[in-house]
Amino acid sequence: MALRPPGHCLDTLQAQTPLVHCITNFVAMNSSANILLALGASPAMLHAREEAGEFTALANALSINIGTVSPDFAVGMHDAARIARKHHTPWVLDPVAVGATAYRRRLCAELLEHAPTLIRANASEILCLSGMASPGRGADSTASPHEARDAAMALADRQRCLVGVSGEVDLITDGRRTAYIRGGHAMMPRITTLGCGLSATAAAFLGVADTTPESRFDAVTAAFGCFALAGERAAAHAAGPGSFIPAFLDALYHLSPEALNTHLALEVHHGL
Amino acid sequence: MALRPPGHCLDTLQAQTPLVHCITNFVAMNSSANILLALGASPAMLHAREEAGEFTALANALSINIGTVSPDFAVGMHDAARIARKHHTPWVLDPVAVGATAYRRRLCAELLEHAPTLIRANASEILCLSGMASPGRGADSTASPHEARDAAMALADRQRCLVGVSGEVDLITDGRRTAYIRGGHAMMPRITTLGCGLSATAAAFLGVADTTPESRFDAVTAAFGCFALAGERAAAHAAGPGSFIPAFLDALYHLSPEALNTHLALEVHHGL
Amino acid sequence: MALRPPGHCLDTLQAQTPLVHCITNFVAMNSSANILLALGASPAMLHAREEAGEFTALANALSINIGTVSPDFAVGMHDAARIARKHHTPWVLDPVAVGATAYRRRLCAELLEHAPTLIRANASEILCLSGMASPGRGADSTASPHEARDAAMALADRQRCLVGVSGEVDLITDGRRTAYIRGGHAMMPRITTLGCGLSATAAAFLGVADTTPESRFDAVTAAFGCFALAGERAAAHAAGPGSFIPAFLDALYHLSPEALNTHLALEVHHGL
């Protein structure tokens, strides 16, 4: 079965302006908000236990990123994820640097119990979450996406969720089929929190998708596709990682469903 | 009575470099600091209860924004607002997404007791604060500034403060007269925390203004005017919301009192 | 004794990609992460007491900045600094606005007990830390680097550490010799948290340096040198403080060891 062209997902997102509740790290907050706005979604960053769950109930999607987490944020994450699950609101887990400390491993294990719709991470983090190895030194990945393929499929299968792995080639899997996306640019790892922004973007796409497994797979693929394509275009205008940042937001803003359908280098494999 | 041309306010701000104590949200902190610096003010972001009030006593103005608030920040907000009132230091309240949760409504009701000099918000937030309606879904406004005019005047009258409403046309009112400002650009809502930065900027202008109602009205009008004019100029150089951000800071940096006097589309109405 | 040319430090940094644990303020987090990435280091921002010390043990260097500190961050700072000292991991203290409140003075006095490798600050902050005077109004400096020279040397001598003072002319001292660096641009104080980013950058250079006093002096000088040179280059391309920011990151990204050796205006004085 061929993947439906991802443009229709972007079309829907731009028409519906999904409200995306982000409980994310301090480094990514501004950047992720601007990424969502550039694309046509509506971001809201708030985390206090006094309101996190109440707000999730209003949102179209939830994105949780543990980058600079502390116990007060963790409580808000749990409340929000619990409400998301209860309301069948899609939610994304971004397990930043999960391999680095015992606190992160424990927190992620707990958050996984709330059944995320998607885990979006780099290869090292997926290896760690899947239980296969992990030295993990901070937020940077030291494993390749290829090494991570088996781990991603196993994790998706075990958690009954989607897994999206960012790398030189991105991969998205539901445990059975796997989409590979080429694009982006080698400069992107030299800019902070683009991965966090991708997690929030995937939440936005999930927030306007049907609840069928196929639609959700398409939605996540479209999110990765937007980043791959906007990354390429931004790199063509950037003199370095500094000028890449505004160029990337501009590229997301100008991305059209047609461009996504025409230019995205997407490949889908079935089974193992 | 015609409004005095707003250029003199900018002139005073640039000459005096007011120290602006900002207790703001995590998304806006960097952006608001850069906005204040570009314009010629001196920002300071700190919030801990151990020092918030002590620092407010040193500052020329205070700006409180509840975007990513939690109880620890709220305590600092209360202490700072209390000291501001005691020292007759002007302070601005930015009630982000006040309609979204009970926690926000309660917090804003409490903060209003410290008598803000200005409430700066979008139309939905003003409608909510005034007690007139509010669905409120996050930080985005769903009501037009025109719908909000009555609410703004009623709120200004009840709180005996200035109210500034950002929108396609901005309005500033003290409950009797209302200034309307045209300018800015349709792209501005696609960039995060510009409104938060405007609240901090209004605090900066209030920090160097006389304490007369007229001077404070002028000060807030000048702040909105700077954003309207810098927004227009930035949009002329921007290829999208990403490149708008640096262009906007550049435009604020180069804004002159003369340009503000000459080019600002400002209109003042008296009474209801 | 002449200073070794600073290019070799940059060469080492780019080859080794040091992991820099940053416990810094909310305003600086994104900017400092991008600065470290542009230069070729690997940033990690996290602060919770549940993991701060554990993570420091993995890192090549630690940078602590008290800008938006609160008690929960302070606990993480203490744990991290304690571990850094125990593991002989170099660490940098950036005592933002130490003169402004009693809370900051007390916190810095406590952090100094963990023996920082470098104190990086502006002249006002160094004057305050050294015990010589201090009006201190926020993060901006009101004393000149020249006024601060004696204070810096006294502080370096008392704390047995390096002291780096940012200003129109930067100075770095170990209490005996002093390096002066010219460069940068008058626009740099109009951009927020560049100083914080310099502290993190100095940590990165220290993280790949030998532990000899000479190598550490060289490392800090190289960090200041990168900022001076990248600042000059960025200013040549910037239309204002907004466009300076991406231009500065681009300049850091393209900085070569050769450029640093050839173009840096560096002068070293010995003794008092």
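# Annotated residues and chain interfaces

A:M45 is buried, with a relative accessibility of 8%; buried stands for under 20% relative accessible area, exposed for over 50% and partly exposed for values in between, computed with a 1.4 Å probe on protein chains only. The model is predicted, so local features need pLDDT of at least 70 and side-chain atom pairs count only at pLDDT 80 or more, while totals for chains, interfaces and linings use all residues. Residues are numbered from 1 along each chain as its sequence is written, chains are lettered from A and ligands numbered from 1 in the order in which they are written, and side-chain values use heavy atoms, with hydrogens and water left out.

## Residues listed as binding site

An unreviewed UniProt entry lists A:M45 under "binding site". UniProt positions are given in the numbering used here, with feature names shortened, and such annotations may be inferred rather than shown by experiment. A:M45 belongs to strand β2 of chain A, residues 42-45; strands (E, at least two residues) and helices (H or I, at least four residues) are DSSP runs numbered from the N terminus. Residues up to four places away in sequence being set aside, A:M45 touches A:C22, A:M29, A:S32 and A:A33 of its own chain, together with B:V27, B:G67 and B:T68 of chain B. Contact here means heavy atoms within 4.5 Å.

The unreviewed UniProt entry also gives A:R120 and A:S166 for "binding site". These two residues are spread over 47 residues of sequence, yet they cluster in space, with a largest C-alpha distance of 7.6 Å. A:R120 lies in strand β5 (residues 118-122) of chain A, and A:S166 lies in strand β6 (residues 162-166) of that chain. A:R120 is buried at a relative accessible area of 5%, and A:S166 is buried at 18%.

The side chains of A:S166 and A:R120 make a polar contact of 2.7 Å. A polar contact is a pair of N or O atoms within 3.5 Å; within protein, one atom must be able to donate a hydrogen and the other to accept it, and residues adjacent in sequence count only if both atoms are side-chain atoms. The side chain of A:R120 also forms a polar contact of 3.0 Å with that of A:D94. Beyond four places in sequence, the contacts of A:S166 include A:L198 and A:F224, and A:L198 and A:F224 are also among the contacts of A:R120.

## Interfaces of chain A

Buried area is the accessible area (1.4 Å probe) that two parts lose on being put together, summed over both.

| Interface | Residues in contact | Buried area | On carbon and sulfur atoms |
|---|---|---|---|
| Chain A and chain C | 30 residues of chain A, 28 residues of chain C | about 2300 Å² | 58% |
| Chain B and chain A | 30 residues of chain B, 28 residues of chain A | about 2300 Å² | 58% |

Between chain A and chain C there is one salt bridge, a side-chain nitrogen of Lys or Arg within 4 Å of a carboxyl oxygen of Asp or Glu. C:E51 pairs with A:R104 in a salt bridge, the closest N and O atoms being 2.7 Å apart. On the side of chain A that touches chain C, α5 (102-112) and α10 (241-254) each supply at least two residues. That side comprises 13 nonpolar, twelve polar and five charged residues; Ala, Val, Leu, Ile, Met, Phe, Trp, Tyr, Cys and Pro count as nonpolar, Asp, Glu, Lys and Arg as charged, and the others, Gly among them, as polar.

Across the interface of chain B and chain A, one salt bridge is found. The side chains of A:E51 and B:R104 meet in a salt bridge at 2.6 Å, N to O.
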